[in-house]
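Here is a short tour of some backbone details and one surface feature. Keep the viewer open as you read along.

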Amino acid sequence: MTKSSKKPPTKSKPAAAAQTSGNGGETHQTAKGDAILTTNQGIPISDNQNSLKVGARGPVLLEDFVLREKIMHFDHERIPERIVHARGSAAHGYFEPYRSLSNLTRADFLQRAGERTPVFVRFSTVAGSKGSHDVPRDVRGFAVKFYTQEGNFDLVGNNMPVFFIQDAIKFPDLIHAAKPEPDREFPQAATAHDTFWDFISLTPESFHMIMWAMSDRGIPRSYRMMEGFGVHTFRLVNAKGRSTFVKFHWRPKLGMQSVVWDEAVKLNGADNDYHRRDLWETINGGDTVEFELGLQTFSEEEADAFDFDVLDPTKLIPEELVPLEMVCKLVLDRNPDNFFAETEQVAFCVANIVPGIDFTNDPLMQGRLFSYLDTQLKRLGGPNFHQIPVNAPKCPFANLQRDGQMQMAMPKGRVNYEPNSLDPNGPREAPNRGFVSIPVEETGAKLRIRPESFADHYSQARLFFVSQTATEQNHIVAALIFELSKVETPAIRERVVSHLVHIDATLAKRVSAGLGLGTVPAAKAAVRPLDMEPSPALSILQKATPTLTGRMVGLLLGDGADAALVAALRKAVTGAGAKLKIIAEKISGVALADGTMLPVDFRIDGGPSCLFDTVAIMASDKGADKLAGMAPAQDFVRDAYSHLKIIGSTPNLSTLFAKAGLAKEDMDEGCVSFSRNADAATFMTMAAKGKLWAREPKLRPLP
C-alpha cells in the first residue's frame, strides 16, 4: 500500500451556477433558473454538502443552523414509526469480556474478565417501513445498548463497516432518495429505482458502500449469521488519559451466510417475517445467539500514516493493516416480553457513551450525536423517554431535571437546581468519576468544506471488489444489472457505470453489457485510485468454514417413507447442531412405512425449500409417484436446485426430478442419494459445505 500524508483542505469557492462540494473538485448538479436553495427561514444556503467545522478535519459546530434545521426536519418527518430502521427485531442478553481492557480504557464494564453486563440488541432493515419484508437487499442495523454500572452505552452500527456518505448533512438526501418516490410512494424497501441511483451517480463517495450493498452482505441468511460494525472511528481512553483510536467489529459465532437473490425474492413471499421468526424461534427454542466483539486499535501516529482518513466513514481499515483482536462475547438468550414496549420503544443514541469511550471528529458521527436525541424527542413523545423501562439505566441515576411530557417519576423536595445549599444530600458533580472529554486541541477557520484526505472514493471500493471470490463478484455484477435495469432514466445508468470504470474495468464492462450500453467513459476522479492488496477478510466465502450448526434442514416426506432412513437423518441433523423440519401433503401428519404417524411442521404448499438451508426428500414408491404429480413438490425440488442447495433423495424420486425440469445429467455432486442409513452422514458432510456454487454458472450465466 502506498504511503502518503494527509493533504491540505480544498479551498472554499464562492457560490456560482455550478457549485462544488469541496470534495476533490467534483461538481454537483448545476442550479437552473432563479431557484436558490434556502433554509425554512428563507436564508440562502451557500453549501449544502458539508457541515460547518473547525478546520477541514475538526469537529462540527453547534452553531451550524443549516445542518440542525435540515436534520431536525428530517427527524420529525414521520411519527411514531422510525424513518429509518423501522422494521426491527430484538433480544435481551449479556456482554462478557475475555480479559481486562484497562490498558486501553477506563470504561468500568471492560475492566474485569467474566463480568456480565446486561444488553438489549436490535437488528433491523434500513429503508423499509415497519410493515415491509425481512429480506430485501438492504443494509442491516446492529444496535447494542449496554446497561453498564456507569450508565448506558449505545453502540449503534450496521452490518457493513462503511457508509454511503461522509457528512451527516447529506443523510436526509440519501434517505429521501432511497425511500419510495414521494409522488407515487413506491417502491417499498427497495433501492432499484431512479431517485436512489440518481443520488448515487452524483455522489462518488457512495461507491465503496455500493459495492458492499450490492454484494451478498445485502441479503443475509439470518441476523444470527451476519457481522456488525460500529462504522466510525471511536476513541478509547484509559485511566491515565491515554487515547487510542478504535474500530468496533461484531463477528457471529455461527459464521456468515447469505442467500442468493432469487431465494431472497421467494423468501419474502413465503415468509415475510423470515429473519424476525428465525431470531425469535432460535431463542424461544432454548438456543442462544452469540457474537464476539473484536477491536482494531491504533494510535494517532499510525492513523496519520494510512493512505486514507480514519475520520472518513466511507473508509475501512483492512485487517491486514490493523489486525482484529477478539476481546469479548455477546450472548442473546431472552426474547422481549412485549414487542411494542421494548423493541419498538427502545431509543438508541450515538451520544450515549460512558467514561473511557469518546468521540472523534468524523463528520457523520458528529451529526448523529444531534440527530438521534432529536428523533427520540418526537418519536417517543417528549424528554422523559429515558424513563421507559427498556431505555432506563440499570445503575442508579439522578439529576435535577424535572417535569416535561410523560414524566413518570416522582421527584421530591424543593430543589431543582445546582449549585444549591438546601439539599446537601442531592446529586453533585463527580470530577474523579465523571465523564471527561479528551482534551484534543482544535484550531482552524470555520469552514464548510471537506479535506482532500476524503477525496479518494474508488480505491477501497476497488479493494472490496478484488477481495471477493469470482462467485461473489458475479453476484455484485448481477445485483448492479438488476438494480440499474429498474432505472428508467438512461443518463443515470450511464453515470453509474462511469464510476464503476474506476473500481474495475471488467466490472464496468460486464454491467454495461448487461444493460445494453456501449463503452462508457470514466467519470472525472479527483484522486487516482490505488491498487491495494486484496483482503480475504472482506469476503464471506473465503472466511467460511463447513458447518450446519444453527441451520435448518427441510425434509419433504411422501406417505410410506422408510422410518429408519428418517430416524438416521434426524440423528445426523441433531448431531450437527441443526434443526429438522418435516414437510408433507397434510399438516395433520405423515404415515411412515412402519405405521408411525409423524408430526408435520409445514404443509407442502406452505413450506417451500427456500425456507431451509438444505433439503431432503423421502418417499415409498407409491408416495414418490404421488409427489411427482404435485406442483408444490416440483417447485420444492426446482427451487432447491436453483438456490444451489444440497439435495438428498431416495432413488425412486427420479420422476419428480424430471417433472421439476432436472435431467439425469443435471444430477451433480450436490444431489445425494439416500439408499441406506449411512447415506445420512454423507449428505450432512456435503450440506455442511454450504451452497454448491459450481452449479450456479449454468443456471444464471452473466455477461
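Ala-189 sits in the loop that links H2 and H3. Please keep in mind that this is a predicted model. The phi of Ala-189 is near 50 degrees, a positive value in a residue other than glycine. Is Ala-189 buried or exposed? With a relative accessible area of 8%, Ala-189 is buried, because buried means under 20%.

The loop between helix H2 (171–178) and helix H3 (194–201) also holds Pro-187. A cis peptide bond joins this proline to Phe-186, with omega about 5 degrees.

Another cis bond runs from Glu-418 to Pro-419, and there omega is near 10 degrees. Pro-419 is placed in the loop between helix H9 (363–379) and strand S12 (446–448).

For a positive phi elsewhere, have a look at Leu-644, which is not a glycine but has a phi of about 65 degrees. This leucine belongs to the loop between helix H17 (631–642) and strand S19 (647–649). Its relative accessibility is 0%, so Leu-644 counts as buried.

The backbone angles are set side by side here:

| Residue or bond | Angle |
|---|---|
| Phe-186 to Pro-187 | omega about 5 degrees |
| Glu-418 to Pro-419 | omega near 10 degrees |
| Ala-189 | phi near 50 degrees |

Now to the surface. Which residues gather in a patch of negative charge there? They are Glu-300, Glu-301, Glu-302 and Asp-304. Glu-300 is part of helix H7 (residues 300–305), and its relative accessible area of 42% makes Glu-300 partly exposed.

Key:
Residues are numbered from 1 along each chain as its sequence is written. This is a predicted model: local features need pLDDT of at least 70, side-chain atom pairs count only at pLDDT 80 or more; totals for chains, interfaces and linings use all residues. Side-chain values use heavy atoms; hydrogens and water are left out. Patches are made of residues with over 30% relative accessible area and no salt bridge: like charges are joined within 9 Å, nonpolar side chains (Val, Leu, Ile, Met, Phe, Trp, Tyr) within 5 Å. Accessible areas come from the Shrake-Rupley method with a 1.4 Å probe; for residues, only the protein chains shown count as cover. A salt bridge is a side-chain nitrogen of Lys or Arg within 4 Å of a carboxyl oxygen of Asp or Glu. Lys and Arg count as positive and Asp and Glu as negative; His and the chain ends are not counted. The place of a charge is taken as NZ of Lys, CZ of Arg, CG of Asp or CD of Glu. Helices (H or I, at least four residues) and strands (E, at least two) are DSSP runs, numbered from the N terminus. Buried means under 20% relative accessible area, exposed over 50%, partly exposed in between (1.4 Å probe, protein chains only).
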